[in-house]
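Please open the model in your viewer and keep the selection tool at hand.

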Amino acid sequence: MTNSRQKGASFERRIAKMFRAQLGEAWTVRREEIDNQRGQFGGAGDLRFYGPSVWPYAVECKHSKAFRMVQVWARTGPFQAWWDQACDQAQTVDKLPLLVFRGDRTPIWCATAERLEADMAFFADGIWIYELQSVIDQL
C-alpha cells in the first residue's frame, strides 16, 4: 500500500511534468520540496513556476481516494478543505488559486475562481471546474 505522502508527491511530479511539457523550455516547473503553506520564500502551493513572465497561480495538488465529484457541488468532504487551503495560500502571495485534484481512477480536474478559455467547464458556487488537460492545452 502506498502511503499518502508518496502518493501526493507522485501526483505533484506528474502535474509538474504536464505543465512543463506544455509551457516549453522557457519555463521551469518544480515541485516544492518543502512544506510551503504560508508563502515563505515568496511562494505558496505545491509547484513553483519560473519563466519569462509572472505565473499568476498558486497551484495546490490533491489526490485522494475519498474524493467524489459530488463534493464540489455539496462543498463537503475533502474538496472544501482543499479549496480553502488553495485560496489561503494564494492570498498570501497575491496569486490566484488553482487547485488540481482527482480521486482514484478519475480524471484530473482543476478549480479556480476565474473563468478560463478551456473546455469542460462547470460552475459551482463561485468556483470554475475544468478538466486539467483542457486548461493546460490553452497555455
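With which residue does D104 form a salt bridge, and how far apart are the closest N and O atoms? Select D104 and K7: these two form the salt bridge, and their closest N and O atoms are 2.8 Å apart. (A salt bridge here is a side-chain nitrogen of Lys or Arg within 4 Å of a carboxyl oxygen of Asp or Glu.) D104 lies in the loop between β4 (96-102) and β5 (109-112), whereas K7 lies in helix α1 (residues 4-23), so the pair ties together parts that are 97 residues apart in sequence. Helices (H or I, at least four residues) and strands (E, at least two) are DSSP runs, numbered from the N terminus.

Two remarks on the source apply throughout. This is a predicted model, in which local features need pLDDT of at least 70 and side-chain atom pairs count only at pLDDT 80 or more, while totals for chains, interfaces and linings use all residues. Residues are numbered from 1 along each chain as its sequence is written, and side-chain values use heavy atoms, with hydrogens and water left out.

Colouring by accessibility shows D104 as partly exposed at 25% relative accessibility, and K7 as partly exposed with a relative accessible area of 22%. (Buried means under 20% relative accessible area, exposed over 50%, and partly exposed in between, with a 1.4 Å probe and protein chains only.)

Next, select R31 and E12, a salt bridge whose closest N and O atoms are 2.5 Å apart. R31 belongs to strand β1 (residues 28-31) and E12 to helix α1, so this pair ties together parts 19 residues apart in sequence. R31 is partly exposed at 22% relative accessibility, but E12 is buried at 9%.

Now move to K62 and E60, whose side chains meet in a salt bridge (3.3 Å, N to O). Both of these residues are buried. In total, the structure holds 5 salt bridges.

Finally, centre the view on V100. Leaving aside neighbours within four places in sequence, V100 is in contact (heavy atoms within 4.5 Å) with residues including F11, I15, E60, K62 and L132.
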